[in-house]
Amino acid sequence: MQDVSKVETVKDQIWVVGGYGQVGQMICIQLGKSFPGKVWAVGPRLNRAEEFSQSTNGSVLPLQLDVTKHIDPLMLSTVKLVVMCVDQMDTRFVEACAEAGTDYIDITAKYDFLAQVERLHEHMQVKQATVMLSVGQSPGVTNLLVREAVDGMDQTEEVDITVMLGLGEKHGKAAVQWTVDQMNTTYQVTQNGKYAEVSSFDDGRWIDFGEELGRRKAYRFNFSDQHVVARTLQIPTVSTRLCLDSHWITRAMSVAKRVGLFRLLRISSIRNATVKAFGLIPGGEEMYAVKVDAKGRTNGKPIVMEQLIVGQREADVTAAVAAATAEKMYREELASGVFNMEQFFSIQDIQRVLHTPLQITKRVSSYIG
């Protein structure tokens with residue numbers, strides 16, 4: 001008879017928390033093709049997890065679990081990797097992963113939470129677990145484009161990141177809620193190596209999105225990438241801006257901010273109505289665009305490096321990048337600790353493992369500086 005006490009636990013599962021949500025489903029499906037029977041869609045609503053599992057013919061399995069509650073690390077003893085798709089208020093679940101020696105990927109974008117996780121770096125090293133943050137489109141692809149610019153210069157002085165979102169794409173409720181919640185925020189950015197306070201939807205700047213999309217006015221927005229790359233890549237000035245594919249709605253939002261209407265979003269009923277309204281706006285396309293403009297010097301000469309990606313369905317890109325990153329982390333042993341994506345990967349690393357590589361247009365020019 002086999003001595004059960006001597007049987008080693010096989011650590012081979014992948015949990016996708018929020019795996020039956022919009023982006024989570026796409027991550028599960030892609031990982032399920034590579035690791036059938038090892039991927040679990042995790043969330044508090046078992047019926048939704050089971051319905052999704054059935055739609056995959058069992059290649060993705062259902063699991064009911066609320067990660068906002070206390071989690072015994074023993075529950076994670078067979079889990080090699082967690083992909084987190086939902087926002088959290090604290091780091092208890094991340095710490096449970098560490099205790100179990102389970103690696104962790106986070107595709108969420110709340111910088112205050114990500115900063116909490118970053119402070120666990122030494123703890124993760126001791127527990128021999130790897131945490132990868134800033135995985136997706138923005139943050140994620142934007143971070144990698146900034147690293148590409150920094151690697152292509154002797155000295156980087158300023159980076160402007162701009163994200164254009166298409167109103168025709170129906171984003172998940174959590175993504176829309178996050179966007180609405182950021183409309184009336186004040187936050188700090190890095191300017192000339194120092195912190196400066198700025199506000200969302202202020203300080204508009206004209207951005208060249210190429211021949212097809214032309215010039216668009218974009219406004220400051222509290223994406224986490226600007227905070228992260230300023231530190232990890234040591235860039236003295238970094239900003240991220242947002243615009244929509246509709247000129248007039250972007251303009252209307254900037255006017256609403258200027259006259260103080262966004263302050264009303266503090267009222268829960270108005271905030272909830274605004275979230276619903278985003279799903280009802282007519283027109284627009286299922287598209288996105290990302291532009292990174294970096295100024296610096298090479299061989300003592302001032303240069304500008306422009307990188308542009310225009311594609312369809314931003315949610316698909318987030319899911320594809322997350323799944324590709326998860327597959328690399330599952331198959332390869334990485335250093336222990338907490339890292340942002342650009343600290344481990346280049347854009348070429350991700351391009352090589354994406355099923356459909358991103359189409360990146362790049363231009364380098366000189367300027368008088």
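**View 1. A network of salt bridges in the predicted model.** In this predicted model, six residues, Glu158, Asp160, Asp203, Arg205, Arg220 and Arg241, are linked to one another in a network of salt bridges. The structure as a whole holds 21 salt bridges, and some of the pairs among them are taken up in the views that follow.

**View 2. The salt bridge between Lys127 and Glu99.** The side chains of Lys127 and Glu99 meet here in a salt bridge, with a nitrogen-to-oxygen distance of 3.3 Å.

**View 3. The salt bridge between Glu286 and Arg313.** Glu286 forms a salt bridge with Arg313, and the closest N and O atoms of the pair are 3.3 Å apart. Here, too, distant parts of the chain are linked: Glu286 sits in the loop between α11 and β13 (287–298), whereas Arg313 sits in the loop between β14 (301–312) and α12 (314–331), the two being 27 residues apart. Glu286 is partly exposed, with a relative accessibility of 35%, and Arg313 is partly exposed as well, with a relative accessible area of 23%.

**View 4. The salt bridge between Asp90 and Arg92.** In this view Asp90 is paired with Arg92 in a salt bridge whose closest N and O atoms lie 3.3 Å apart. Asp90 counts as partly exposed at 30% relative accessibility, and Arg92 is likewise partly exposed, its relative accessible area being 47%.

View 5. Asp349 lies in helix α14, which spans residues 347–353. The side chain of Asp349 reaches the backbone nitrogen of Ser346 at 2.9 Å, and a polar contact of 2.7 Å joins the side chain of Asp349 to that of Arg352.

**View 6. The buried face of helix α11.** Helix α11 covers residues 268–278, and its buried residues are Arg271, Thr274, Val275 and Phe278. When the helix is seen down its axis, these buried residues fall within an arc of 100 degrees, and they therefore line one face of α11.

**View 7. A nonpolar patch on the surface.** Val259, Leu261, Leu264, Ile267 and Ile270 form a nonpolar patch on the surface, and together they have about 420 Å² of accessible area. One of these residues, Ile267, is found in the loop between α10 (247–258) and α11, where Ile267 counts as partly exposed at 41% relative accessibility.

View 8. The structure holds zero disulfides. Cys28 is in no disulfide, and the cysteine sulfur nearest to that of Cys28 belongs to Cys85, 7.2 Å away. Cys85 is in no disulfide either, and the nearest cysteine sulfur to Cys85 is in turn that of Cys28, at 7.2 Å.

Conventions: Residues are numbered from 1 along each chain as its sequence is written. This is a predicted model: local features need pLDDT of at least 70, side-chain atom pairs count only at pLDDT 80 or more; totals for chains, interfaces and linings use all residues. Side-chain values use heavy atoms; hydrogens and water are left out. Buried means under 20% relative accessible area, exposed over 50%, partly exposed in between (1.4 Å probe, protein chains only). Helices (H or I, at least four residues) and strands (E, at least two) are DSSP runs, numbered from the N terminus. The arc is that of the directions from the helix axis to the C-beta atoms. A disulfide is a pair of cysteine sulfur atoms within 2.5 Å. Patches are made of residues with over 30% relative accessible area and no salt bridge: like charges are joined within 9 Å, nonpolar side chains (Val, Leu, Ile, Met, Phe, Trp, Tyr) within 5 Å. Accessible areas come from the Shrake-Rupley method with a 1.4 Å probe; for residues, only the protein chains shown count as cover. A salt bridge is a side-chain nitrogen of Lys or Arg within 4 Å of a carboxyl oxygen of Asp or Glu. A polar contact is a pair of N or O atoms within 3.5 Å; within protein, one must be able to donate a hydrogen and the other to accept it, and residues adjacent in sequence count only if both atoms are side-chain atoms.
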